[in-house]
Amino acid sequence: MPATINALIAYHSDYGSTEKMAQAIADGMRASHADIHIERKQAVQTSPDDLLAADVIVFGTPVHMGGMAWQMKKLIDESASLWMENALHGKIGGVFASGSGFGSAGGGVELTMAGLHANFLEHGMVVVGFPKNALGYADGGLHWGVYARTGNHEGMPAGLSDAQLTAARSYGAHLIEVAEKLLD
Ligand SMILES: Cc1cc2nc3c(=O)[nH]c(=O)nc-3n(C[C@H](O)[C@H](O)[C@H](O)COP(=O)(O)O)c2cc1C
């Protein structure tokens, strides 16, 4: 088990829902490993060097028109030089997303999360999903990671429930449990 784990949670959030998920994931991480350093940043304030410094990299985005927010894609494209150098190879990745989910539970979220996975896999990272027996899975789980539907049946913002935040904390804890096994 590694003594210190360095985690980066990079996300975009316009109205605060995805940010609350990021906070809950950080809380779950902190609760499951004593010696952990967590950087939690908006994607536009995140640099490729931040990715390099992390053992565990977690990306989060709202669903925007069926895909990730451009701010996340900007960070991904800015980090392409790390792909040339295999610099993220073997790091651990996790993803989360929020969306209003108008008309369904998803509204594009699965494609959005798979898009984040694709970036991690291009870098040779180890992608960690969310197992269906984890705490909170029924309220905020997808096998891709953790998801919060934030809209009501009229498509208006309804915020995050305690159950969704529990799922996000649980995912943070799960990521660190896996990291403890994989990192030396
Ligand atoms: C430009 C824009 C496009 C959106 N497109 C979608 C969408 O395709 N599917 C969806 O479920 N929600 C969509 N939403 C809703 C947001 O994903 C949702 O409100 C999210 O929880 C906002 O996160 P935030 O509070 O972190 O900004 C969109 C919101 C905006 C502003």
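Helices (H or I, at least four residues) and strands (E, at least two) are DSSP runs, numbered from the N terminus. The model is predicted: local features need pLDDT of at least 70, side-chain atom pairs count only at pLDDT 80 or more, and totals for chains, interfaces and linings use all residues. Residues are numbered from 1 along each chain as its sequence is written.

Start with R149, in strand β8. A residue is buried if 20 or more other C-beta atoms lie within 10 Å of its own, exposed if 12 or fewer, and partly exposed in between, with C-beta atoms placed from the backbone. R149 is buried because 24 other C-beta atoms lie within 10 Å.

K74, in helix α3 (residues 70-78), counts as partly exposed because it has 14 C-beta neighbours inside 10 Å.

Now the interior. A nonpolar core is a set of buried Ala, Val, Leu, Ile, Met, Phe, Trp, Tyr and Cys residues joined through C-beta atoms within 7 Å. The largest one has 52 residues, and I9, I25, V58 and F96 have the most contacts inside it. Elements giving two or more residues include β1 (5-11), β8 (145-149) and α7 (162-182). Helix α7 gives the most, eight residues. In soluble globular proteins, nonpolar side chains tend to be buried together.

Two residues are in contact if their C-beta atoms, placed from the backbone, lie within 7 Å. Leaving aside neighbours within four places in sequence, I25 touches I9, V58, F96, A168, Y171 and G172 in this sense.

Helix α5 (residues 109-122) has 14 residues. It reaches 20 Å from first C-alpha to last, close to the 20 Å expected at 1.5 Å a residue (1.5 Å times one less than the number of residues). Its buried residues are V109, T112, M113, G115, L116, N119 and F120. They lie on the same side of α5 because they cover an arc of only 150° around the axis, taken from the directions from the helix axis to the C-beta atoms. On the other side, A118 and E122 are exposed. G124 follows α5 and has a positive phi, near 75°.

Last, the ligand. It is surrounded by 21 residues, the closest being S13, Y15, T18, G99 and G107; a residue is near a molecule if its C-beta atom, placed from the backbone, lies within 6 Å of it. Helix α1 (17-32) and strands β3 (56-64) and β5 (92-99) each give two or more residues to this shell.
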